[in-house]
Amino acid sequence: MILARGTSQVLCFPRLILRFWVVILAVLLFPVALVVPAHMGEALAMDVFSARDVAVDVTAGSATNARKAALANGQRKAFRALLERLTLRANYGDLPFLSDARIAELVSGIEVSDEKTSPVRYLAKITYRFKPDAIRELLSQEGLPFAETKSKPVLVIPVYQLAGTQLLWDDPNPWREAWAGYQHQESLVPFIVPKGDLADVADIGPVQAMAATRKRLDTIARRYGAMDTLVAVAFLTVDPVASRSSLDVSVSRFGLAIQEYTNIFSFTGSHGETIDNLLNHAVAGVAVQVEENWKRDNLMQLDSRQESLIVSIPITGIKYWTDLSKRLDSIAFIRRKEVLSLTRSEVIVGLHFVGSTAQLELALAQSDLNLSQGDTSWILRLEF
């Protein structure tokens with residue numbers, strides 16, 4: 001480890017002693033300051049590689065056999081759900097089918113809740129945790145591109161156009177209600193739907209949302225702890241003769257995404273289908289596409305040449321550096337980090353990563369780490 005000397009002036013003996021003990025204390029308290037593997041932060045990454053509350057319900061000749069079959073069934077469901085979460089929908093048909101024994105080798109642990117048994121039946125909700133490195137290796141061997149960076153929550157601004165009016169905070173707004181009822185917590189892109197209270201009304205209106213007024217969008221996003229906003233404008237058309245409704249949806253994502261975009265969707269209800277069902281179907285379709293966009297922007301490139309960045313990290317103390325270091329360890333794109341110099345106010349770190357610098361910046365931002373290019377070097381700061 002190379003210690004920064006600060007200025008070229010000769011340090012007096014007491015200051016040399018102080019500098020020595022600062023470095024010793026730093027090494028004792030956070031030994032990761034040498035060279036560390038990129039994935040020591042498995043606890044943070046584990047959420048992405050887990051399938052939570054998988055429902056199982058099996059009847060067999062005995063409770064023991066029912067439980068054994070339920071655990072195996074749940075394991076298969078969890079494994080498939082995990083692979084679908086990490087990969088693109090275009091590749092679902094190529095996902096591997098493994099034996100129960102092989103899947104079990106990829107599981108690091110399980111948690112059982114809501115367990116109920118009878119002499120011949122077993123019911124429970126089971127959380128399966130998979131080994132991240134083993135899953136990465138499997139997908140790489142299968143030649144399947146995958147993403148594992150989880151987005152910070154995205155705030156949905158649902159504008160509903162009906163009969164020449166634009167509804168946002170109005171009650172009812174069935175488009176907002178459909179988004180509020182959408183449940184898919186295992187997604188890499190979690191959604192937040194505003195409550196529609198007075199603060200929301202003051203922050204932004206439907207016309208401002210449709211005009212993508214960034215100051216307004218950023219204001220409401222910050223208040224909800226979101227990094228990006230998703231303006232989803234739905235236009236409903238009802239054909240009373242055919243007893244059928246259609247929905248045109250424009251979706252625009254703004255914020256720190258690698259590339260801001262707008263997608264256009266059209267959904268047509270079946271004969272006699274309720275408008276609520278059509279709206280729910282549209283929400284699910286839009287959410288899937290938003291997640292697909294996110295995955296494409298964050299696909300891992302494990303076989304690509306590693307890149308390196310030297311970054312300067314201003315620190316305010318040991319706790320600050322320890323917290324920031326743990327967050328770095330959770331970033332999938334970072335393969336290795338090494339501390340090049342350390343003082344009481346600054347750490348110089350070499351980051352070795354795969355993918356592009358833009359992907360690295362986006363991944364860091366999801367852990368509240370801001371990477372920016374200064375006058376002479378890259379600077380990394382923890383944002384509160």
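Trainee: Is tryptophan 179 buried or exposed?

Mentor: This is a predicted model, in which local features need pLDDT of at least 70, side-chain atom pairs count only at pLDDT 80 or more, and totals for chains, interfaces and linings use all residues. Residues are numbered from 1 along each chain as its sequence is written, and side-chain values use heavy atoms, with hydrogens and water left out. Buried means under 20% relative accessible area, exposed over 50%, and partly exposed in between (1.4 Å probe, protein chains only). Tryptophan 179 has a relative accessible area of 2% and is therefore buried.

Trainee: With which residue does tryptophan 179 form an aromatic pair, and of what kind?

Mentor: Rings of Phe, Tyr and Trp (its six-membered ring) pair if their centres lie within 6.5 Å; planes under 30 degrees apart count as stacked, over 60 as edge-to-face and the rest as tilted. By this rule the count comes to five aromatic pairs. One is tilted: phenylalanine 79 and phenylalanine 130 stand 6.2 Å apart, centre to centre, with 45° between the planes. Phenylalanine 79 lies in helix α3 (residues 63–86) and phenylalanine 130 in strand β4 (residues 121–130), so this pair ties together parts that are 51 residues apart in sequence. Helices (H or I, at least four residues) and strands (E, at least two) are DSSP runs, numbered from the N terminus. Phenylalanine 79 is buried at 4% relative accessibility, and phenylalanine 130 is buried at 0%. Your tryptophan 179 pairs edge-to-face with phenylalanine 191, at 5.5 Å centre to centre and 65° between the planes. Because tryptophan 179 belongs to helix α6 and phenylalanine 191 to strand β7 (residues 191–192), that pair joins parts 12 residues apart in sequence. Phenylalanine 191 is partly exposed, at 21% relative accessibility. Ring pairs also link Trp175, Trp179, Tyr182 and Phe191 into a cluster.

Trainee: How is the crossing of α3 and α5 to be described, and which residues meet there?

Mentor: Axes are lines fitted to C-alpha atoms, for helices over the stretch in contact, and angles run from 0 to 180 degrees between N-to-C directions. The axes of α3 and helix α5 (residues 132–141) come within 12 Å and cross at roughly 70°. Angles under 35 degrees count as roughly parallel, over 145 as roughly antiparallel, 65 to 115 as roughly perpendicular and the rest as oblique; α3 and α5 are therefore roughly perpendicular to each other. A crossing is left-handed if the near helix is turned anticlockwise from the far one by less than a right angle, and right-handed if clockwise. That of α3 and α5 is right-handed. Contact means heavy atoms within 4.5 Å. Here Phe79, Leu82, Leu83 and Leu86 in α3 meet Ile135, Leu138 and Leu139 in α5.

Trainee: Where does asparagine 173 lie, and what does its side chain reach?

Mentor: A polar contact is a pair of N or O atoms within 3.5 Å; within protein, one must be able to donate a hydrogen and the other to accept it, and residues adjacent in sequence count only if both atoms are side-chain atoms. Asparagine 173 lies in the loop between β6 (165–167) and α6 (174–180), and is buried at 1% relative accessible area. Its side chain reaches the backbone oxygen of leucine 167 at 3.3 Å. A polar atom of that side chain also lies 3.1 Å from the backbone nitrogen of tryptophan 175.
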